[in-house]
Amino acid sequence: AGACLLVMTPWIVRNGVVFDRFIPTSTLTGLTLYNSWVIPEKGLGFNEVKQEILPEYNRLESEADRSGFLVRAAIAHIRDHPGDALLLVPMKCALLVYPFDMRWNLETSPIRYNPFWGIVACSALVGLWGMAPPDRRRFGIVFALLGALLLTTVVLYGSPRLRAPFDPFITLIAGAGIAGMIREKSRLQMGAVIVVNAVLAA
């Protein structure tokens with residue numbers, strides 16, 4: 001926490017000087033939040049302000065004012081369309097383990113399967129499934145970090161880019177899964193990992 005505060009303090013001070021208000025992160029927070037619930041036509045990962053609010057948005061000159069405006073617009077959209085918001089949650093969680101290198105719903109470029117991530121994800125699932133309670137307790141901090149990632153994913157969009165800082169922790173669980181398969185000589189589990197990756201790569 002101290003290291004995080006040390007890194008963030010200069011940025012917070014800079015925002016206070018420039019915008020004369022407390023902004024702990026970025027003035028793009030509003031746009032990111034807005035487009036994670038009000039989906040652009042091109043899909044998650046793209047930026048677009050809907051036409052119905054665009055005139056009012058364009059009248060605001062400050063980045064901070066525009067960000068705050070889009071935060072309020074996103075909250076209003078969730079309040080007015082709770083069913084749509086609930087349906088987006090599993091889609092965002094699916095993006096968290098999306099084993100392809102290109103963006104979701106990007107029609108102009110072909111998606112490319114990432115076999116490394118596919119093997120890591122499958123092996124991590126095996127590791128979680130076969131992990132004994134004592135091992136789960138030892139991995140407590142890893143699970144806490146993954147829980148924070150899942151919460152971030154639900155609030156924002158589950159882009160693999162947001163997953164990147166957590167890849168090492170997921171790889172640790174995958175390592176436990178691979179070690180378990182080798183130790184128990186589980187041909188069924190190893191075969192399932194290979195088959196799933198072969199199908200996705202085809």
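**View 1. How much of the chain is buried.** Of the 202 residues in the protein chain, 31% count as buried, where buried means under 20% relative accessible area, exposed means over 50% and partly exposed lies in between, using a 1.4 Å probe and protein chains only. The model is predicted, so local features need pLDDT of at least 70 and side-chain atom pairs count only at pLDDT 80 or more, while totals for chains, interfaces and linings use all residues. Residues are numbered from 1 along each chain as its sequence is written, and side-chain values use heavy atoms, with hydrogens and water left out.

View 2. You will find eleven helices and zero strands here; helices (H or I, at least four residues) and strands (E, at least two) are DSSP runs numbered from the N terminus. Contacts, meaning heavy atoms within 4.5 Å, can also be sorted by sequence separation: of those with a separation of 6 or more, 58% are between residues 24 or more positions apart.

**View 3. The largest nonpolar core.** A nonpolar core is a set of buried Ala, Val, Leu, Ile, Met, Phe, Trp, Tyr and Cys residues joined through side-chain atoms within 4.5 Å. The largest one has 14 residues, and Tyr34, Trp37, Val49, Ile53, Tyr57, Phe69 and Leu70 touch the most other members. Helix 2 (29-37), helix 4 (63-80) and helix 5 (82-96) each give two or more residues to this core.

View 4. Leaving aside residues up to four places away in sequence, Val49 touches Leu31, Tyr34, Leu54, Tyr57 and Leu70. Elsewhere, a second, separate core of nine residues includes Val120, Phe139, Ile170 and Ile173.

**View 5. Thr27 and its neighbours.** Look for Thr27 in the loop between helix 1 and helix 2. Thr27 counts as buried because its relative accessibility is 16%. Its side chain joins that of Glu63 through a polar contact of 2.9 Å (a pair of N or O atoms within 3.5 Å; within protein, one must be able to donate a hydrogen and the other to accept it, and residues adjacent in sequence count only if both atoms are side-chain atoms). Not counting residues up to four places away in sequence, Thr27 touches Phe19, Glu63, Ala64 and Ser67.

**View 6. Val18 on helix 1.** Val18 lies in helix 1 (residues 2-19). With a relative accessible area of 48%, Val18 is partly exposed.
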